[in-house]
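Opening the notebook on this one.

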Amino acid sequence: MIPGAFQYHLAGSLPEALYLLEQHGEDAKILAGGQSLIPLMRFRLAQPEHIIDINRVAGLSDITEFDGWLRIGALARESALERSTVVRERYQLLSETANVVADPLVRNLATVGGNLAHADPANDHPATMLAYRAVIVVTGPNGEREIPIDGFFLDAFMPALEPGEILTEIRIPSVGPRSGGAYEKFERKVGDYAIAAAAAQITLNEDGTVAEAGVATTNVTFVPVRATAAEDALQGSEPTEEAIGHAADLAAEAAEPNGDLRGSADYKRAMTRTVTARALRRAVGRARG
Amino acid sequence: MHFIREHLGLTGTHIGCDTTSCGACTIHWNGRPVKSCTVFAVQADGDELTTVEGLEQGGKLHAIQEGFWAEHGLQCGYCTPGMMMTAVALLAENPNPSELEIRQAISGNLCRCTGYTNIIRSIQHAATGLNQAREEITPEPAAVPADGGE
């Protein structure tokens, strides 16, 4: 299908993009990868009058680690995350997440910033960023603002972006020794959204008990869910198979899935338990080295 | 996609699904394989687009086209342009992909006819062809013994 008519603006710089966004306000949408926005426009579920293309804005797609944070430009393509050495070697949860977003063709254009800003409950990166305790950096007419990830997803398709703001960077606290993460996604077929998916990031103490646990689930309600009870149960404990199973049970209890063509609510809850256990097992295994 | 088909008259790029799922519309944008149904033509202003029509050069089929012909990689042919464009990009980056790597690379291209087996063989055939051609252009230098050959 063909989108409704719109005005196209190509932003040459971030200030220009912000200016255009301020000019056109609610009638404008930012175009990055376009892999969520354009399909919506083709079905006319979204009919923005103005499109602001930020793909030519320089400096928004770098992936670098310094000063205690892994910094990911909002325009970093999923395929770039897959290829990044630092991400593959030390941020496996992130690399595994990028690897299961849609399919390889979509990943050549889809951006991690867009995946978060679109705030579709079925998107994969939100749960991962919860598990990492990431910080979202947005830029607006008044400059930069940092939003802790726990306050970023207000509702389905509703991120905590004020009018005139653009998500510009994602910061993940640098992982230390004895850390490991994993993303486990259960889908009907490759390229689909999750029936259930879980992100786990674990840091162990020297004695092998859990120092920090980040556990979050995808597509089980209108926002990604931090499995707080699971995290609390793991903290300070030996991550035995029993402890992992118990944490997975708690994560499943925190899920409130809707039955739909991907499964009944009960089935999704059961699968949430399974994927959480698997993600935790692999994260712990990596943390143990 | 509509621009390519209707304004440029290049109908080798196919419209398959409307939902960014099937990949029948796959082209190269500055060398990267993308789904042309999910890119506005204006985004590519000044850039290089390659469609399936661009594979054949001077009357000579591209190795991927040879592969799909030799290994019967198509039945109805609807997914084929997209499959080939994805495959060409894969082989440019990874000249010796494993079967798993091929399957992963084409996982954004759906085929309703073949069950994918011959598509994979076609891509493997093309890989061999491209690698052989490369060796013919740049033959291995004759080995020189460490002691100077005396």
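I counted four salt bridges between chain B and chain A, taking a side-chain nitrogen of Lys or Arg within 4 Å of a carboxyl oxygen of Asp or Glu. I looked up Asp103(A) with Lys35(B), where the closest N and O atoms are 2.6 Å apart.

Ground rules for me: this is a predicted model, local features need pLDDT of at least 70, side-chain atom pairs count only at pLDDT 80 or more, and totals for chains, interfaces and linings use all residues. Residues are numbered from 1 along each chain as its sequence is written, chains are lettered from A and ligands numbered from 1 in the order in which they are written, and side-chain values use heavy atoms, with hydrogens and water left out.

Next, the contacts (heavy atoms within 4.5 Å): 29 residues of chain B touch 27 residues of chain A. I get about 2,200 Å² of buried area between them, 59% of it from carbon and sulfur atoms; that is accessible area (1.4 Å probe) lost on putting the two parts together, summed over both. On the chain B side, Asp18(B), Phe40(B) and Gln43(B) lose the most area to chain A, together 30% of what that side buries.

Buried here is under 20% relative accessible area (1.4 Å probe, protein chains only). Among the buried ones I noted Gln92(A), Leu94(A) and Glu96(A). Just after α5(A), I found Ala102(A) with a positive phi of about 45°.

Methods:
Buried < 20%, exposed > 50% of the residue type's maximum accessible area, 1.4 Å probe, protein only. Helix = DSSP H or I, 4+ residues; strand = E, 2+ residues; numbered from the N terminus.
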